Amino acid sequence: MSVTTKGNPFITAPEVAPEEDPIDDDPILGHRESLRGPQNIQQTLAEEPVKETEPAASVTVTTATLWLVGASGGVGTTTLAGMCSDNVVDESDQHPTWAGRALLVCSTSGSSLEAAQQLARKSASGQLAYELVGLVIVHDRPKNRLTKPTLDFARGVARMFPVAMTVPYEASWREVGATPQASGTRLKSVLRKIEKIAHTGH
């Protein structure tokens with residue numbers, strides 16, 4: 001004979017929380033959801049002296065000055081300008097002068113390509129204070145991860161400019177403390193072309 005034990009109606013049974021699936025592994029946090037630092041870290045950082053950033057040296061503008069203008073953030077204008085002569089200026093150091101010549105730099109991300117497309121249209125309709133003389137597309141991922149729609153769109157954007165060049169994906173440039181070097185025949189060719197445009201206009 002089985003005996004059924006009735007629960008006490010005056011005692012509420014404890015709720016059982018459903019088990020959650022384990023969180024995905026992350027290369028930085030591992031299986032942790034978040035990472036906490038010391039409770040007073042912000043106060044400690046605030047008390048540390050901050051080195052003042054020296055103002056960027058003013059750029060001497062000549063007839064050979066060529067600006068690199070980013071269609072969006074983080075596309076590599078500073079990196080490219082750093083591998084060129086002083087005639088090639090990063091827009092973040094000094095904005096292009098009125099009617100100055102500029103190369104637009106974008107990445108292969110959809111938003112950056114779309115921004116380059118819009119700037120090409122603005123340039124064609126005289127809405128920019130500077131002249132866009134070409135486009136540099138910097139690959140932001142390995143070529144085998146670029147989809148056909150992205151490649152087709154990039155080719156269409158490239159045709160909107162007098163000249164368009166591409167810079168291969170360089171994973172090492174994204175590392176902390178990396179010093180980008182001009183390696184590979186395509187990159188060296190692009191840098192030579194940029195210098196030629198700065199001096200001859202084409």
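## Threonine 108 and its surroundings

A polar contact of 2.6 Å joins the side chain of threonine 108 to that of aspartate 140, in what is a predicted model. Threonine 108 itself sits in the loop that runs between S3 and helix H3 (110–124), and, with a relative accessible area of 2%, threonine 108 is buried, because buried means under 20%.

Once the neighbours within four places in sequence are set aside, the residues in contact with threonine 108 are Leu113, Ile137, Val138, His139, Asp140, Arg141, Leu146 and Thr150. Aspartate 140, the partner in the polar contact, is therefore listed among these contacts as well.

## The chain as a whole

The chain contains five helices and five strands, and, when read along the sequence, these elements follow the pattern α-β-α-β-β-α-β-α-β-α. Of the 202 residues in the chain, 30% are buried, and the accessible surface comes to about 14500 Å², with 52% of that surface belonging to carbon and sulfur atoms.

Contacts between residues at least 6 apart in sequence can also be sorted by their separation: 73% of them join residues that are at least 24 apart.

## The largest pocket

The largest pocket has a volume of about 220 Å³. It is lined by 14 residues, of which Val75, Gly76, Val138, Trp173 and Arg174 are the closest to its centre.

Sorted by class, the lining of the largest pocket is made up of six nonpolar, five polar and three charged residues.

## Alanine 99

Alanine 99 has a positive phi of about 65°, although alanine 99 is not a glycine. The residue is found in the loop between strand S2 (88–90) and strand S3 (101–107), and its relative accessible area of 49% makes it partly exposed.

## Arginine 186

Arginine 186 belongs to helix H5, which covers residues 185–200, and at 48% relative accessibility this arginine counts as partly exposed, since residues are called exposed over 50% and buried under 20%.

Apart from neighbours within four places in sequence, arginine 186 is in contact with Thr166 and Pro168. Methionine 165 lies 21 residues from arginine 186 in sequence, and the distance between the two in space, taken from C-alpha to C-alpha, is 9.2 Å.

Definitions and conventions:
Residues are numbered from 1 along each chain as its sequence is written. This is a predicted model: local features need pLDDT of at least 70, side-chain atom pairs count only at pLDDT 80 or more; totals for chains, interfaces and linings use all residues. Side-chain values use heavy atoms; hydrogens and water are left out. Helices (H or I, at least four residues) and strands (E, at least two) are DSSP runs, numbered from the N terminus. Buried means under 20% relative accessible area, exposed over 50%, partly exposed in between (1.4 Å probe, protein chains only). Contact means heavy atoms within 4.5 Å. On a 1 Å grid over the protein atoms alone, a cavity is a set of points where a 1.4 Å probe fits but cannot get out, and a pocket is an open set with protein on both sides within 12 Å along at least five of seven lines; lining residues have an atom within 4 Å of a point. Grid points are joined across faces, edges and corners, and a volume is the space filled by probe spheres set on the points. Ala, Val, Leu, Ile, Met, Phe, Trp, Tyr, Cys and Pro count as nonpolar, Asp, Glu, Lys and Arg as charged, and the others, Gly among them, as polar. Accessible areas come from the Shrake-Rupley method with a 1.4 Å probe; for residues, only the protein chains shown count as cover. A polar contact is a pair of N or O atoms within 3.5 Å; within protein, one must be able to donate a hydrogen and the other to accept it, and residues adjacent in sequence count only if both atoms are side-chain atoms.
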